[in-house]
Amino acid sequence: MTEEKPTLRQIFEAEESPLLRFAHGMVGRRECAEDLVQEAFLRLHAHWDEVANPKAWLYRSVKNLALNYLRDHKRETLVEETPEWDAAAGHDDPDPVGRLEAAGAVRLLLSELRDDDRVLLQLKYHEDLKYDQISERTGLSVGNVGYKLHHLLKSLGESLRRMGIESANG
């Protein structure tokens, strides 16, 4: 049994929001994520007849576009968007400077990771995917996904402790 290829409209309706979350998690800017997803859909449209698995093709395209963007814009910093954790903390945060310092350290460490490691963390913690879903997206075995994530988190934690950061409050 072979499944029919969905229409471009069906793919757009099903995948636009997840792709936006995926792109936003990688680049950290909503407007940029929207541009990347739009570009991926335009490219898919141009190559529609050649693409056998549109969903996988789109995720790979968005990932590649995001990695290109990050490589080309390494020195840019975000100051105009308020991170979700900052907004949720409210005004009664006892140590907002420590919190910002901890978040900055995490962003710095994440920016130094290899691109494929950063994608794994993005899929797990921004898209809240389970190991088997990450395995489908990346082509890694489920066991390898768990192994890599475990060691990534352990390494990030050790790096944060070496920087003197023990909690989200610095």
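This is a predicted model: local features need pLDDT of at least 70, side-chain atom pairs count only at pLDDT 80 or more; totals for chains, interfaces and linings use all residues.
**View 1. Helices α1 and α3 pack side by side with their axes 10 Å apart.**
The angle between α1 and α3 is about 25°, and because angles under 35 degrees count as roughly parallel, the two helices are described as roughly parallel to each other. Their crossing is right-handed. On the α1 side the contact is formed by Ile11, Glu15, Pro18, Leu19, Phe22, Ala23, Met26 and Val27, and these residues meet Pro54, Lys55, Leu58, Tyr59, Val62, Lys63, Ala66, Leu67, Tyr69 and Leu70 of α3. Sorted by class, the residues of this contact comprise 15 nonpolar and three charged residues, with no polar ones.

**View 2. Helix α1 (residues 8-27) packs against helix α6 (residues 115-126) at an angle of about 125°.**
The axes of α1 and α6 lie 10 Å apart, and the angle between these helices is therefore classed as oblique. In this pairing α1 passes α6 in a right-handed crossing. The residues that make the contact are Arg21, Phe22, Gly25 and Met26 from α1, together with Val119, Gln122, Leu123 and His126 from α6. By class, the contact of α1 with α6 contains four nonpolar, three polar and one charged residues. Phe22 and Met26 of α1 take part in this contact, and Phe22 and Met26 also belong to the contact with α3.

**View 3. Helix α6 crosses helix α8 (residues 142-162) at roughly 100°.**
The axes of α6 and α8 come within 10 Å, and their crossing angle makes α6 roughly perpendicular to α8. From α6, the contact draws on Asp116, Asp117, Leu120, Leu121, Lys124 and Tyr125, while α8 supplies Lys148, Leu149, Leu152, Leu153 and Leu156. Seven residues of the contact of α6 with α8 are nonpolar and four are charged, whereas none is polar.

**View 4. The second largest pocket is lined by 18 residues.**
This pocket holds about 490 Å³ of space, and the lining residues that lie nearest its centre are Tyr59, Leu123, Glu136, Arg137 and Thr138. The elements giving two or more residues to the lining are α3 (54-72), α6 and α7 (131-138), and the largest share, five residues, comes from α3. By class, the lining of the second largest pocket has eight nonpolar, three polar and seven charged residues.

Technical notes. Residues are numbered from 1 along each chain as its sequence is written. Side-chain values use heavy atoms; hydrogens and water are left out. Axes are lines fitted to C-alpha atoms, for helices over the stretch in contact, and angles run from 0 to 180 degrees between N-to-C directions. Helices (H or I, at least four residues) and strands (E, at least two) are DSSP runs, numbered from the N terminus. Angles under 35 degrees count as roughly parallel, over 145 as roughly antiparallel, 65 to 115 as roughly perpendicular and the rest as oblique. A crossing is left-handed if the near helix is turned anticlockwise from the far one by less than a right angle, and right-handed if clockwise. Contact means heavy atoms within 4.5 Å. Ala, Val, Leu, Ile, Met, Phe, Trp, Tyr, Cys and Pro count as nonpolar, Asp, Glu, Lys and Arg as charged, and the others, Gly among them, as polar. On a 1 Å grid over the protein atoms alone, a cavity is a set of points where a 1.4 Å probe fits but cannot get out, and a pocket is an open set with protein on both sides within 12 Å along at least five of seven lines; lining residues have an atom within 4 Å of a point. Grid points are joined across faces, edges and corners, and a volume is the space filled by probe spheres set on the points.
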